[in-house]
Amino acid sequence: MPEKYRILDEAAFEKLRDARADGPAALREALANRKRRASLLPEDRRLFFVAADHPARGALGVRDDAMAMADRYDLLDRLALALSRPGVDGVLGTPDIIDDLALLGVLDDKLIVGSMNRGGLRGASFEMDDRFTGYDVDSMVRDGIDFAKTLVRVNLADAGTVSTLEANARAVDDAAAASLPIMLEPFMSEWREGRIVNDLSPDAVINSIAITSGLGNSSGSTWMKLPVVPEMERVMAATTLPTLLLGGEPNGDQEAVYAKWADALALPGVRGLVVGRTLLYPADGDVAAAVDTAASLVHTTS
């Protein structure tokens, strides 16, 4: 990120490294003492999260830079800047990211979404066996995490899918028992030329919603996290569950992307956005401007 946009300095990172070296006590204190919001939904009942759980699945690339997210200090600076902007309700991440942000002291009054399954590494032969290698519900309750998130890729030609579905169902069970909101991010997926590709046709997204909505012994805590695709009116008619929109890959005309988000955000049942690389790594480097634009689409008074 260009130097003029940075908000964390070397002293902050030195303090972070020292806290890491001293053991878990400082982290437990930071998580326990962070100022928490009184309720999940703000007054307008809409939510906007920045996402940074991509690295744990080996997905570090942004546009044509395959290692864009490799510099952890740069990523943390971008996240801290995003979280400082009005209208940003919180962050989605794996424990390593969330723990860093807690130790940096940038999570007060923010919601934390814990990412649970990152075992289906990008490009791996076992990618569809997307095991739960991050948070579980017990650890999120322990750390005061506000929301859970799982990825549910359904590949009808890959037997690894069944273990992923079962693990997600048990996660939904545990979240419902703990009254912890859990967002499920479903896709119909397939192998193409040695890699997994998600089918973003409206029918495929609707099918993924139907399969995923039925996971677990209660849907009382379940939310959807869905891509913005054509015929979103028909897609949103497939569920009564509260839904957040995902930002997708950071490619193409950003103004056109914003317009699609705005149209989808107007649909019944849509409660906000969860966006990662598109906003954290904008083409012009201005994270604050990109985040502010997205926040204004979610919270119309921001």
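Ala-26 sits in helix α2, which spans residues 24-33. The model is predicted.

**Ala-26**
- The relative accessible area of Ala-26 is 28%. Ala-26 therefore counts as partly exposed, since that class lies between the 20% and 50% cut-offs.
- Beyond residues up to four places away in sequence, Ala-26 touches Ala-19 and Leu-103.
- Trp-261 is 235 residues from Ala-26 in sequence. In space, the two lie 39 Å apart, C-alpha to C-alpha.

**Helices α1 and α4**
- Two packed helices are described by the angle between their axes and the distance between the axes.
- Helix α1 covers residues 10-21, and helix α4 covers residues 95-104. They pack at an angle of about 115°. Their axes are 9 Å apart.
- The crossing of α1 and α4 is right-handed.
- On the α1 side, the contact is made by Ala-12, Phe-13, Leu-16, Ala-19 and Arg-20. On the α4 side, Asp-96, Asp-99, Asp-100, Leu-103 and Leu-104 take part.
- By class, this contact of α1 with α4 has six nonpolar and four charged residues, with no polar ones.
- Ala-19 of α1 and Leu-103 of α4 belong to this contact, and Ala-26 touches both residues.

**His-54**
- His-54 lies in the loop between β1 (47-51) and α3 (72-83).
- His-54 has a relative accessible area of 15%. His-54 is therefore buried, as the cut-off for that class is under 20%.
- Leaving out neighbours within four places in sequence, His-54 is in contact with Ala-59, Met-69, Arg-118, Gly-276 and Arg-277.

**The largest pocket**
- Rolling a probe the size of a water molecule over the atoms shows where empty space is left.
- The largest pocket holds about 1,200 Å³ of space.
- Its lining is made up of 46 residues. Closest to the centre are Asn-198, Leu-246, Gly-248, Glu-249 and Arg-277.
- Arg-277 is also a contact of His-54.
- Strands β4 (147-154), β5 (182-192), β6 (195-199), β7 (222-227) and β9 (270-275) each supply at least two lining residues. So do helices α9 (254-265) and α10 (277-280).
- Helix α9 gives the largest share of the lining, five residues.
- Sorted by class, the lining has 21 nonpolar, 11 polar and 14 charged residues.

Methods: Residues are numbered from 1 along each chain as its sequence is written. This is a predicted model: local features need pLDDT of at least 70, side-chain atom pairs count only at pLDDT 80 or more; totals for chains, interfaces and linings use all residues. Side-chain values use heavy atoms; hydrogens and water are left out. On a 1 Å grid over the protein atoms alone, a cavity is a set of points where a 1.4 Å probe fits but cannot get out, and a pocket is an open set with protein on both sides within 12 Å along at least five of seven lines; lining residues have an atom within 4 Å of a point. Grid points are joined across faces, edges and corners, and a volume is the space filled by probe spheres set on the points. Helices (H or I, at least four residues) and strands (E, at least two) are DSSP runs, numbered from the N terminus. Ala, Val, Leu, Ile, Met, Phe, Trp, Tyr, Cys and Pro count as nonpolar, Asp, Glu, Lys and Arg as charged, and the others, Gly among them, as polar. Buried means under 20% relative accessible area, exposed over 50%, partly exposed in between (1.4 Å probe, protein chains only). Contact means heavy atoms within 4.5 Å. Axes are lines fitted to C-alpha atoms, for helices over the stretch in contact, and angles run from 0 to 180 degrees between N-to-C directions. A crossing is left-handed if the near helix is turned anticlockwise from the far one by less than a right angle, and right-handed if clockwise.
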